[in-house]
Amino acid sequence: MTQYDYIVVGAGAAGCVVANRLSADPNTKVLILEAGGPDRNPLIHMPAGFTKLTGKSVNWGYLTVPQKEMNNRRMHYPQGRTWGGSTSINAMIYIRGHAKDYDEWRDLGNQGWGYEDVLPYFKKSENNERIVDEYHGTGGPLNVAEQTSYTKLTKAFVRSAQEIGIPYNPDVNGAKQHGVTFYQVTQRNVRRESSATAFLKPVLDRPNLTAITHAEATKVLVENGRAVGLQYVKGGQVKTVHANREVILSGGAVNSPRLMLLSGIGPADELRGLGIDVVHDLPGVGKNFQDHMDVYIPAEVSQPVSLNGQDRWDRALRHGIQYLLYKTGPVTACVAEGGLFLSTSEEVRSPDIQIHCLPAFVVDHGRKRIPGQGVTINTCNLRPKSIGSVTLTSADPTVPPAIDPNFCGDPDGYDWKISIEGFKWGRRLLAADSFKPYIKKEHMPGGQAQSDEEIKQYIRQWSKTDYHPVGSCKMGQATDNMAVVDTQLRVHGLEGLRVIDASIMPTLISGNTQAPSIMVGEKGAAIILAGKVV
């Protein structure tokens, strides 16, 4: 059996960071396993290319279980399956969330995870090309840059927000989050900067770091209450590796709990019901699952100023040449070029709505083609109260997990209230003066949907994930029955096993989850190296 000091499962947002930091010690032998392949698809690295990465070549291609509040739809649920994980197929938006999100983690009993505790790890990762201040880092592995250009529609969006009372904020990751902004993005030299390009690929030449691709983990091996290794499948063959120190799960909020459950670590009754031998009864595995739900308003524009049609073969060829020669043009677009954070009332502790502007028709994850020119306003309830789960339907590791974000399933109707309010704010934006030269008409749902009930019916049919799943291996005290890991990210009741990824987040942060997931990787690796919470 091949032996390593540390086995990292998943080369995604956090896993690449962990592998980098642990292997910096040449005397430490590290293995990182990735179920997908290397990030060789050129569309990964061209910023706008991610819009074409909807197939299973770099994507797990998951579906949710039928969502009872969403017309029982099984919803498309993308998760990255390549080096970089979802950081290789996302829109590259660099958002950290609100300071109070992390203070809430601390106040829930997770000492060492307040905003002042995690800020140094955001800064440690970061090389910000524009901002040098107390909130941002320079010289880190992850490049954060300005976009090369903005469409007229995005500029109109930023002006329109100010016209309806939302101030311009040049840095929504700094002293305050409230306001409208042109997003900073994870790009370097107008190419995607993923967790793989920032943290993993630059250190692959380390002799003590081994990276194996197309290797799907199927079981954590546990002996006498300690994780001692891992079983995985590669090329149809079952292989086993041994961990002298620790096994570290970094598969994300879907795949980390899935692997634990397949390994017999989780709610005992559920595991027995599937014929899985119970190795460690841990009720919270796969519970506390949370995600942002996205509601979009596509509108037809009267001028050829959107990105629609720019992928027609002749235009795409011209744009590709322009990009290769000059690093300009539509290929540089992250599509979600601008966004804002707002509060629905003075009572909320921080902004509870995020809105993106997409200068194109982007319906059903961009898979639905709409003729003509359009703009899409995406609205999101930042702190949903609905709690879902990730469970198994079979002991067979080739069967996909049952993913249930439970969108708008909270019993008091809070998520419905905020989602409808966010939709109305989106309409206010489209009606503002700066958008008037461009907006021809609302494409969906159209003027017929005016009452809250009519808006709700539209949301039931057309909402989607905002790609921010967290929480399914919750961090918390041992007295919390739903907690899976402690503040050092060690699995409660087992030795030699940690979870370091977005699944440990006890509550969903107020924004995109790429930067927070990388921060978790940084802090988790630092905890291991220091031997205590840092």
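Select Gly 251 and Ser 256: the backbone nitrogen of Gly 251 lies 2.9 Å from a polar atom of the Ser 256 side chain. The model is predicted, with local features needing pLDDT of at least 70 and side-chain atom pairs pLDDT 80 or more, while totals for chains, interfaces and linings use all residues. Residues are numbered from 1 along each chain as its sequence is written, and side-chain values use heavy atoms, without hydrogens or water.

Is Ser 256 buried or exposed? Ser 256 counts as buried because its relative accessibility is 1% (buried is under 20% relative accessible area, with a 1.4 Å probe and protein chains only).

Now select Leu 249. Leu 249 is in contact with Ser 256 and also with Leu 497 (contact means heavy atoms within 4.5 Å). Leu 249 and Leu 497 are among the residues that touch the most other members of the largest nonpolar core, which has 81 residues (a core is a set of buried Ala, Val, Leu, Ile, Met, Phe, Trp, Tyr and Cys residues joined through side-chain atoms within 4.5 Å). A second, separate core has 43 residues, including Ile 355 and Ile 418.

Finish with Val 220, Val 247 and Ile 265, which are among the residues in contact with Leu 497.

Methods
Buried < 20%, exposed > 50% of the residue type's maximum accessible area, 1.4 Å probe, protein only. Polar contact = N/O pair within 3.5 Å; in protein donor to acceptor, adjacent residues only side chain to side chain. Lists of a residue's contacts leave out its neighbours within four places in sequence.
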